[in-house]
Structure formats: C-alpha cells, structure tokens
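My notes follow the structure.

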Amino acid sequence: MSHCLVTGGAGFIGSHLTELLLADGHEVTVLDNLSTGEQGNLRGVSEHPRFRFLAGSITDPVMMSEAVSGVDAIYHLAAAVGVRLVAEDPVRTIETNIYPTEVLLRLAVQGGQKFFLASTSEVYGKNFKESWAEEDDLHFGATTRPRWAYGCSKAIDEFLALAYSKKYNLNVVIGRFFNVVGPRQVGNYGMVIPRFVDQALAGGPVIVYDDGGQERCFGHVGEVAGIVKDLMDEPSAAGNVFNIGSDQSVSIRELAESVVAKIDPKIAIEYIPYSEAYGDDFEDIRRRVPDVAKLEKTLGRKPVMPLDQILDDIIAAKRADI
Ligand code: UDP
C-alpha cells in the first residue's frame, strides 16, 4: 500500500482515479479548491477510512507542502481546463497551470515521490498530421489568440517535469489526455459531450459549432484513469510522455446525430459560427487523433470502449444524476 496525493481529485478525471487508487488498497489524499471540481464527485469515497480531503489551492505553497507530506506518489491533475474557461480567463490558466507545477516538482524532488503530470493533446496545437506521436513538433497559434494559453502552459509543465526528471532523477510520467469523457464531466467549461447530452435532455436544440466536420476521438474516463494508475506502476514508463486516449475518430456532426438518436430523434441540431460561441479570436482544431503505439507497447492496451457504449454510460449517469 502506498499513500497517493491526487491534486484536482474532486474533478472529473481525478475523482475516477481516486476511486481506483482506493480500490487498489492505497491511501489517498485529495487536494482540491473546488473551483471546477465538485465535492459531490467524491461522495462514493468521502467516508472511506483511507481517504483524506484537503480543501485548498495548488497556488498556495504552504498548502502544497502539507499535502505532499508523508506521500509516496503524486498525481498532478489540478489545472485550469476546458476551451471555454481558457478562452474566458487566460490569466487564471497561466497562473494555475505553470507556477504550481514547478512548486510541486520541487517538493517531489525533496520528498522523493513518483510524479504523474496530467498534460493534454492541446500541446500539439495546430499540427496537421494524420495522427500525433509523442515526439512530434508542437505548432501553437498566435499569442493574441487565448486558446493557445492552455497548450503552451501545459507544454511548459512538460518541459519542467522532464528537466527535473533529468537533473534530479525524479521519477516522472507525463500523460497527454485526448478528449476524455464519461460520467461527472460537466459542460460549463466547453466539453462537447456533456453539452450535447444536457441540451438534448432539455429538449434541444443541440448546438454544433461551425459545420461539424471537425473530428475528435473520445476515450472513456474509467479506461483512462486505469491507464494512468498502471503507467505509474510500470517502471519502464518513467521519464516518458504518453498519449492517452482512444484513436477512433468521429466528426462532431456524427456525434450530435448519435446523441439525438439516443435521446429523441425529433430534437433539432443547429449549426452556429465559432464567433457566436467563443468570440472572434477563436481557432478550433480540425482533427485530433492520437498515435497510441507507445502506450500499447508499454502497457499492452489503449482505451477501446466504443463511442456508442460511452454515450449510453453518460446518458444513464445524467438521468440518474450520479
Ligand atoms: N463543440 C460544439 N458544440 C459545443 C462544444 C464543442 O460543436 O457545445 C465542438 C468544438 O468546436 C470542437 C469539438 O466540439 O470542435 C470538441 O470540443 P471540446 O471543447 O469538447 O474539446 P476540444 O476542442 O478541446 O477537443
């Protein structure tokens, strides 16, 4: 048994990871300021004898020292995420995503903890390749377009983590998440599936941005959290960056049609320009598909749950309000 710290453990991915770590027999401390996470996400574990919740911000170094004390492994998931949130508040994105990661890395060097850094497919930026491998170049857009603040901030985190790993022999694993979805994800910060499901359950319309020809690959959070946990237990993963996600792409138009077909085929699908959703400075990513060969080679698996089953799981959870 080891003692794990999950920053952002009240968030969508963090709460699923917390459950898996507890189920594996570990002790888990969650540090979360509940800015985008919710206490309700942890209701299934809040009374667990090996669970501890610290309400506090990763921007508070004193709180971070307290959180890492006595811990063997750090899963750093707390961050400002979501295209809508990032576009609306780029300062918060930069403050939350850069300095606290460095503080936490320094603490891990002192304490000798293993470190998982949650990164994102956004680091690939506007790369136009068919699918993206870990060594590929990053192509960010202009600094005048706030969307890129997120990818840039996480790319800096990756540089920091790899630098600390090299200089201080810190055991670091970096996971770039590709459109992770599932129960407990909320639509407030932009994520498309909870938005479409909420819109359809409310009677519609379902609002697609642009022509809906943009493509994404959606991976189920249960599979993704299991992969994070297993990568941290796999010695050969140390010092490496991994794409973590499904590699089955779907257009946003097809996604909207699937959601509507499952909830009520009479619901309308409307198409609006990006400017109406995000303002004039917005740039979308047309196609995003990970190359997951490295993950498969290291762990022997990748997220494979079909979108159809993922949507059923999300819709059932929304209907049951869990
Ligand atoms: N999208 C949409 N309607 C929405 C929210 C998102 O059509 O209400 C589109 C968005 O333009 C993007 C895709 O769905 O092309 C995925 O968006 P999300 O914000 O979930 O993730 P990301 O853009 O980070 O992949």
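I started with contacts (two residues whose C-beta atoms, placed from the backbone, lie within 7 Å). Among contacts between residues at least 6 apart in sequence, 79% join residues at least 24 apart.

I noted that this is a predicted model, where local features need pLDDT of at least 70, side-chain atom pairs count only at pLDDT 80 or more, and totals for chains, interfaces and linings use all residues. Residues are numbered from 1 along each chain as its sequence is written.

I looked up the helices (DSSP runs of H or I, at least four residues) and strands (runs of E, at least two), both numbered from the N terminus. The chain has 12 helices and 13 strands.

I checked burial, where buried means that 20 or more other C-beta atoms, placed from the backbone, lie within 10 Å of a residue's own. Of the 322 residues, 44% count as buried.

I then took helix H4, residues 90–97, and found Pro 90, Thr 93, Thr 96 and Asn 97 buried. They cover an arc of only 135° around the axis (taken from the directions from the helix axis to the C-beta atoms), so they sit on the same side of H4. These buried residues pack against helices H3 (83–88), H5 (99–111) and H6 (148–168).

Notes: Buried ≥ 20, exposed ≤ 12 C-beta atoms within 10 Å, placed from the backbone.
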